[in-house]
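Biologist: I've just opened this one and I'd like to learn how to read it. Could you walk me through it feature by feature?

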Amino acid sequence: MRDDYVHGYSEEEANRLKDQANTLANLMHDDTKYPADSLVLEAGCGVGAQTIMLAKNSPQAHITSIDISQESIKQARDLIEKNGFKNVEFQTADLFNLPFEDESFDHVFVCFVLEHLQDPIAALKSLKRVLKKGGSITVIEGDHGSCYFYPETKEAVKAWNCLIECQTGFDCNPMIGREIYPLLKNSGFKDVQVTPKIVYVDSSKPELVEGFNKKTIIAMVEGVKDQAIASGLIDAESWEKGIKDLYKTTEPDGVFFYNFFKGKGIK
Ligand SMILES: C[S@@+](CC[C@H](N)C(=O)[O-])C[C@H]1O[C@@H](n2cnc3c(N)ncnc32)[C@H](O)[C@@H]1O
């Protein structure tokens, strides 16, 4: 249960990551386009939700996507093949122990991975080793402390806070987004720049109501139900009301705000 939830190995979590990537594709990827013939490493590609965007936006770059999970790599490879992209190679590998020579890549891309790692600086330093001098690293992470919504009820906030506490209990850092700047700097990257990627949703944007509020955010909160109730963070009745209230943010007067952070640094 824990690994399924944390790393996106369950079918629901894999679908949630794909929905999230599809919905946020422009917001997250518009300013990431790698030149022809450049060598790009995507670390922690999971089931390929971001890989497909990288492959599409940089059709002439050579992308190597790695993940520690063999099963996720298999799904990612199937997804890329099904969509007809030829510019991605996959490999099962641990980003802390990369099977590549020093300075093998022009660019590194890492999305929604650092939040799951106990030592993100060690991860960034390991990625830096395989990056060429002058090459770039791009890091994307969410920050659950950046969320607010309307209508806001006590139970909805409690359900949201259960998500934060459960993910923290899984040794994740659900508020890592705000740390991207210091993490990149303290890993030795230069010219670090972090851009907020704001997701503001109201009912005038029905595709975001569906793809972000319902299928990404509320689906993620619903994923910790058993853990939240079993660990006594919330009682079952308050949980049901909290989830029902969160769905009110998807109604005609509902509003939802969340901020992702996208950082770039140079070796
Ligand atoms: C939440 S998923 C994100 C997947 C993908 N980047 C995305 O945005 O959809 C985190 C991924 O990091 C991978 N991961 C965790 N630790 C890793 C490690 N040490 N080396 C390589 N991949 C790792 C997990 O297997 C999982 O697929």
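**Aromatic rings**

Modeller: Let's start with the rings: the structure holds ten aromatic pairs. Rings of Phe, Tyr and Trp (its six-membered ring) pair if their centres lie within 6.5 Å; planes under 30 degrees apart count as stacked, over 60 as edge-to-face and the rest as tilted. Keep in mind that this is a predicted model, where local features need pLDDT of at least 70 and side-chain atom pairs count only at pLDDT 80 or more, while totals for chains, interfaces and linings use all residues. Residues are numbered from 1 along each chain as its sequence is written, and side-chain values use heavy atoms, with hydrogens and water left out.

Biologist: How do I read one pair?

Modeller: A pair of aromatic rings is described by the distance of the centres and the angle of the planes. Take phenylalanine 112 and phenylalanine 260, a tilted pair with 5.7 Å centre to centre and 50° between the planes. This pair links distant parts of the chain, 148 residues apart: phenylalanine 112 is in the loop between β4 (105-111) and α5 (120-129), and phenylalanine 260 is in strand β8 (residues 255-266). Helices (H or I, at least four residues) and strands (E, at least two) are DSSP runs, numbered from the N terminus.

Biologist: Which ring does tyrosine 258 pair with?

Modeller: Tyrosine 258 forms a tilted pair with phenylalanine 260, at 4.9 Å centre to centre and 55° between the planes. Step back and you'll find a cluster linked by ring pairs: Phe112, Phe149, Trp160, Phe212, Phe256, Tyr258 and Phe260.

Biologist: Is phenylalanine 112 buried or exposed?

Modeller: Phenylalanine 112 counts as buried because its relative accessibility is 11%. Buried means under 20% relative accessible area, exposed over 50%, partly exposed in between (1.4 Å probe, protein chains only). Tyrosine 258 and phenylalanine 260 are both buried too. Look at the backbone of phenylalanine 112 as well: phi is near 55°, a positive value in a residue other than glycine.

Biologist: What about nonpolar cores?

Modeller: In soluble globular proteins, nonpolar side chains tend to be buried together. A nonpolar core is a set of buried Ala, Val, Leu, Ile, Met, Phe, Trp, Tyr and Cys residues joined through side-chain atoms within 4.5 Å. Here the largest has 49 residues, and Trp160, Phe212 and Trp239 have the most contacts inside it. Apart from that core lies another of 27 residues, including Phe100 and Ile137.

Biologist: Which residues does tryptophan 160 touch?

Modeller: Contact means heavy atoms within 4.5 Å. Not counting residues up to four places away in sequence, tryptophan 160 touches His144, Cys147, Phe149, Ile217, Val221 and Tyr258. Trp160 is also one of the buried residues of α6, among them Glu155, Ala156 and Ala159.

Biologist: How do I judge the length of that helix?

Modeller: The expected span of a helix is 1.5 Å times one less than its number of residues. Helix α6 (residues 154-169) has 16 residues and reaches 22 Å from its first C-alpha to its last, close to the 22 Å expected at 1.5 Å a residue.

Biologist: What sits around the ends of α6?

Modeller: In the loop between β6 (148-150) and α6 you'll find proline 151, and a cis peptide bond joins it to tyrosine 150, with omega about -5°. Just after α6, aspartate 171 takes a positive phi of about 65°. Aspartate 171 counts as partly exposed because its relative accessibility is 39%.

Biologist: Where does glycine 242 lie, and which residues does it touch?

Modeller: Glycine 242 lies in helix α10 (residues 236-248). Leaving out residues up to four places away in sequence, glycine 242 touches Glu155, Ala156 and Ala159. At 0% relative accessibility, glycine 242 counts as buried.

Biologist: And how do I read a charged residue that is tucked away?

Modeller: Check what its polar atoms meet. A polar contact is a pair of N or O atoms within 3.5 Å; within protein, one must be able to donate a hydrogen and the other to accept it, and residues adjacent in sequence count only if both atoms are side-chain atoms. Glutamate 141, in strand β5 (residues 131-142), is buried, with a relative accessible area of 0%. Its side chain reaches the backbone nitrogen of valine 113 at 3.1 Å, and a polar atom of that side chain lies 3.4 Å from the backbone nitrogen of glutamate 115. Glutamate 141 also touches Phe112 and Phe260, among others, which brings us back to the tilted pair.
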